[in-house]
Amino acid sequence: MVNSGPVPLAVSPGELDTLFPFHFGLAPDGTLTRVGRGLLRMSEAAATGDSLARWFEPVRPAEPFDAARLRATAGRLTTIRERRRGTILRGQFQVLGGELLFVGSPWLTNVDDLRNVGLTMSDFAVHDPTLDLVQLLQLQNLAVEDLHRMNDRLVVQSNQLAEKEAQERKLSLVAARTDNAVVITDADRKIEWVNEAFTRITGYTLAEVVGRKPGAFLQGEETDPATVRRMHEHLERGESFRVEVANHSRTGDPYWIELEVQPIREPGGRLTHFMAIETDVTARRRAGENLRAQVGVAEVLSGQAEAGEALAQVAAVIGREMAWDVALVWTAEGTETLRLAASRAEPRAGAAEFCREMAELRLAPGQDFPARAWADAQRLVVPELGAHPEFRRRPAAAAAGLRSAVVLPVRENGRVVAVIELFSRWRGAPDEARLDVLATVASQLQQFLERLHARAALRQRTEELTRVNSRLAEAMRLKDSFLASMSHELRTPLTGILGLSETLIDQVYGPVNEKQLKYLRIVESSGRRLLALINDLLDLAKIDSGQDKIEKSEGRLDDICDSAVRLVRFAANQRRQEFDYRNEVPGLQVNLDRRRLGQALVNLLNNASKFTPEGGSLGLRVYRRDAELVFDVWDRGIGIAAPDQARLFQPFVQLDGRLARQYEGTGLGLALVKQIVTLHGGRVDVVSAPGEGSTFSIVLPWTGQDAGAPAAGPGRTIRVLLAEDNPTNVIAIRDYLEQKGCEVTVAENGAVAVERTAAWAPDVILMDVQMPEMDGLEATRRIRSLPDPARAATPIVAVTALTLDGDRELCLRAGVNDYLAKPVSLRTLWSTVQELAAPPTPPTAGSFAPFAAHGPAAKLSRTAPVIG
Amino acid sequence: MYGMVNRSVEDMVKSAHGESVWLEIKRRAGVTEDIFISNAGYPDEITYRLVGAASEVLQLPADKILHAFGEHWVLNTARKGYGPMMAMGGSTLPQFLENLPAFHDRVALLYPKLVPPRFAVSDRTERSLRLHYHTDRPGLTPFVEGLIHGLGKMFDTAVQVTLQENRGTGHDHDVFLVAW
């Protein structure tokens, strides 16, 4: 039988080593018969003949090496351990060609094992997959590592996600619930999400706006184009920005928002979204507009004085500041019809045309809104023009795009005088705040118009009063003129009567018998009483007009008191009254209204004499009491009861009718005294008791000082130029002065007086004021202008019936040295002439008037302290 | 390429420049993968895009980046990923270079989806050899140069690499003269 099996394989030791580098042969006695190159590399010392157990130990099966048993169990998976390195060998015992062989490979599971065994790739048989197995295990490890990495990443991401979600839940809750609208768009600005506030403000739901660009359906034309441009630029660059823009809600209502936009980027920087937060600032903006409108209206009204222009400007301010598209002002034309008085239009298509159309209209009573507001005097708010049945101007309004209106009546004193009509292109009524402001504006206008009206009425009244006042002033001037004239006319004849009576009483022209003397004295006293009445009446007129005032001049107190005493002593003598005059401050220089103080003393002394029975006593005592100058006028007369003393100084009051009948008088004397003393800063005291007499004390502040001795008399013939046109006065004065030894020349008018002064060189000039051709004042001025300084300085005494306030000042200003009121006492005249004719003393330092060395004008320049 | 390669690029960039630079490179490369799985295959294009973006971001020529990547691959990634074979590839530089062909034969077995390069050694002398590099992928010559330098560092051996022939000059493969 032919053996058809394969030819027995003969394997050389080298081939065996190539195929199985990790092999060894085992003899029945347990010694190694051969060792493969791989094992030799591993164990380094194992050699043929060595005991197997020396280098290796069994792992599985765990029984000690027994060649016979191993031969019996050949082919079984066997693992042994190399003792030196501990490397496990995986293989099998196999009988090959009768020889028991072990073939296998190191059992390696990781890179460290590889390094430990000190083998390289070439130490393994090419077919041995051990290395690949290790590599696969390594790949397995890599995969596990990847899984761990992914797991770690997932855990981190999961935590981050959870945290982010929690944060987002909070943020989205905030975003959803906030009052501000929140919009999130993608990088192309298409909306991805909006919150509830957005829907509340705009009226659009999230579903309606997703995928749309906000600007396309929200943005309003009111927004400043520059702002829109800037906004787009920021968006293009992916930058954050904040702007204020006008939007429109779904219903078309405009509203203003403050828009804050933030770009949202990935960690790598890529722009993915924009987030916009929109704050509704409409109320704030409208409040600003309202405020500006109110301020603007206030400015207009404060600077305007014309009603029509004010209305037009107010409408313009409201229109501009509150962004009304059209503002109209309607006023009445005639009694019934309304016509356009002013208008203001926004620069929008159709608005100006609408105004022009309105200007052509005339609205009849009740026709359309303005006429209705005119009739009802009620504000009208029209949220939707198109739906209002009364609106007649619908086509014109529609063409201008106007949709709503507010109509304001403007009242003045209870009636409507104008109607302001405001149009908007937006539907709806203004909010309450704006309506309140409009009501305030209407009220401001009303107040303005009423003020204007009142001002016009006041102006008219003022004009009327001015006219009345002017007539009154003229009447006063006529009265003053009449008084001056009357005074002159009354005094001039009295001068003659008194002067001639005095001359005759003095028996200048020879003796008169007793009876004649008695009658002459009656004539003189009657004349003086008449003069006193005239003076009191004139003073009464002054008190009435409130014009009474004092004119101070410097002089000796002695002169004032002496004159007064002289005037009264005569009457007292006639009543056989004892008159006691004591001047304890002789030579005192005072600055007083000498005429008035003299008048006060005379009044008091006259009263003292009048209310003292014949044979009684009275007197004047002048003295210093501390810082006061006191004039006591006393009498031992009837006295005054205490209750009556309070009424003493009231004008027109006489203590009782009986007294008034018994004693002559106007009832003005004490009132005049009190006024004169008060004007001097003094007071009048009264001490009196019925039956015991009275003491009236004039008390003035003391500021006086003693004067030097009076000037000595001239002791020569005094040349007197008498300028006087009244022949009676000429006779009286000339005769008296000539009797006193004067040389008298008469000039019948001012012009002659000037000529005679220059030619004749008088020592003193007595100058009447009211004269024909040239009056005394002009003559005085011309004399003062004479080229000869000596003539120009001639002393001049004004002797005049001009006794009203200002007359004395008038004379002094013209250049006179002294002033005597007619009717003049000839004795006073003589003493004045004597004084002025005295040789002039050297001018006092500080004197400003070289020609006025004498008299009041000269004394005015003195600087010494004086009474007054 | 297998994810291990892209991950190696990621490790190299992150260790030298940080996470944010790596994210920017990924963004520029248009790569959205968060994690590269080592044993999963990815299109070669991803690796090329990453290298290109790294060049832009780091302002370095792609050649230098590939060279650096070659070194990094040997010294970091391959040691780990191909540890067993790297460990068994030889105990000296020439031994390892001589084993490179067998090394890649085994890699081809283990990564069936990978199209590995082919290496051959010729003109072995005491101090040099010629390494032949065959591949279908363009532009990786600097990577191989960096790889050889990395091996020199791994075996503490000073090495000189001269590119004697390359595909850019009309040859069908690159030939490096490696001397040590």
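## Sheet of chain B

In this predicted model, B:T162 stands opposite B:L177, a residue of strand 4 of chain B. Strand 3 of chain B and strand 4 (residues 174–179) of chain B are paired in the antiparallel sense, with 5 bridges. Both belong to an open sheet of 4 strands in chain B, with the order 1-2-4-3 and antiparallel pairing. The edges are formed by strand 1 (118–122) and strand 3 (160–165) of chain B; each has a single partner strand, so one side of each has no neighbour in the sheet. On average, and with direction ignored, neighbouring strands of this sheet are turned by 25° against each other.

Two helices of chain B pack on this sheet. Helix 6 (residues 93–110) of chain B touches strand 1, strand 2 (128–134) and strand 4 of chain B. The direction of helix 6 of chain B makes about 140° with that of strand 1 of chain B. Helix 7 (residues 141–154) of chain B touches strand 1, strand 2, strand 3 and strand 4 of chain B. The direction of helix 7 of chain B makes about 20° with that of strand 4 of chain B.

## Interface of chain A and chain B

The contact between the chains involves 26 residues of chain A and 28 residues of chain B. Together the two chains bury about 2500 Å², of which 59% is on carbon and sulfur atoms. On the side of chain A, the residues that lose the most area to chain B are A:M121, A:Q135 and A:R149, which together account for 27% of what that side buries.

Between chain A and chain B the count is 4 salt bridges. One salt bridge joins the side chains of A:D132 and B:R106, at 3.0 Å from N to O. Helix 5 (111–117) and helix 6 (130–177) of chain A each supply at least two residues of the side of chain A that touches chain B. Helix 6 of chain A gives the most to that side, with 15 residues.

## Parallel sheet of chain A

Chain A holds an open sheet of 5 strands in the order 27-26-28-29-30, with parallel pairing. Strand 27 (743–747) and strand 30 (818–821) of chain A stand at the edges with a single partner strand each, so one side of each is without a neighbour in the sheet. Neighbouring strands here are turned against each other by 20° on average, direction ignored.

Within this sheet, strand 28 (residues 764–767) and strand 29 (residues 796–800) of chain A run parallel and are joined by 3 bridges. A:L766 stands opposite A:V797, which lies in strand 29 of chain A. Helix 23 (residues 727–739) of chain A packs on the sheet and touches strand 26 (719–723), strand 27 and strand 28 of chain A. The direction of helix 23 of chain A makes about 160° with that of strand 27 of chain A. Helix 25 (residues 776–784) of chain A lies across strand 28 and strand 29 of chain A, at about 155° to strand 28 of chain A.

## A:P8 in chain A

A:P8 is located in the segment before helix 1 (13–19) of chain A. The relative accessible area of A:P8 is 73%, and the residue counts as exposed because this value is over 50%. A:P8 and A:D368 are 360 residues apart along the chain, and their C-alpha atoms are separated by 131 Å.

Methods
Residues are numbered from 1 along each chain as its sequence is written. Chains are lettered from A and ligands numbered from 1 in the order in which they are written. This is a predicted model: local features need pLDDT of at least 70, side-chain atom pairs count only at pLDDT 80 or more; totals for chains, interfaces and linings use all residues. Side-chain values use heavy atoms; hydrogens and water are left out. Buried means under 20% relative accessible area, exposed over 50%, partly exposed in between (1.4 Å probe, protein chains only). Two strands pair if DSSP finds at least two bridges between them. Axes are lines fitted to C-alpha atoms, for helices over the stretch in contact, and angles run from 0 to 180 degrees between N-to-C directions. Contact means heavy atoms within 4.5 Å. Buried area is the accessible area (1.4 Å probe) that two parts lose on being put together, summed over both.
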